[in-house]
Amino acid sequence: QVQLVESGGGLVEPGGSLRLSCAASGSFFRLYVMGWYRQAPGKQRELVARVSGSDITDYADSVKGRFTISRDNDKNTVSLQMNSLKPEDTAVYYCNAQFTARYWGQGTQVTVSS
């Protein structure tokens, strides 16, 4: 069983930056593919970025060059650095852990607005 707790969401103006963090409990963290997903009102949840235990990363086209995912296997954390934020990045962001099962955090709201 893995528990995920996100932090770092908030309100930011267009062009600004935010950093999301996710702390994971449980064992064998480095075996999990860790990811960030987001869900905007009226839309399906979508992958933003993910990172394997060996630091192979994958990004949605819409965030490439603006967002960076990273993990610390010693601290059981995964982070998402979000730069050059746009209004269309507004969503609830969820941390995800996937290995033999899939786990989700409670989500953190990110609002990009002037």
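L31 has a relative accessibility of 44%, so it counts as partly exposed, a term for values between buried (under 20% relative accessible area) and exposed (over 50%), found with a 1.4 Å probe on protein chains only. L31 sits in the loop between β3 and β4, where strands (E, at least two residues) are DSSP runs numbered from the N terminus.

## About the model

This is a predicted model, in which local features need pLDDT of at least 70 and side-chain atom pairs count only at pLDDT 80 or more, while totals for chains, interfaces and linings use all residues. Residues are numbered from 1 along each chain as its sequence is written, and side-chain values use heavy atoms, with hydrogens and water left out.

## The disulfide

A search of the whole structure finds one disulfide, meaning a pair of cysteine sulfur atoms within 2.5 Å. C22 and C95 form this disulfide, with their sulfur atoms 2.1 Å apart. Because C22 lies in strand β3 (residues 18-24) and C95 in strand β9 (residues 91-98), the pair ties together parts that are 73 residues apart in sequence. The torsion about the S-S bond of C22 and C95 is about -85 degrees, so the disulfide is left-handed, and both C22 and C95 are buried.

## Contacts of Y93

Leaving aside neighbours within four places in sequence, Y93 is in contact (heavy atoms within 4.5 Å) with several residues, including E6, L20, W36, R38, F67, L80, M82 and V110.

Technical notes:
Helix = DSSP H or I, 4+ residues; strand = E, 2+ residues; numbered from the N terminus.
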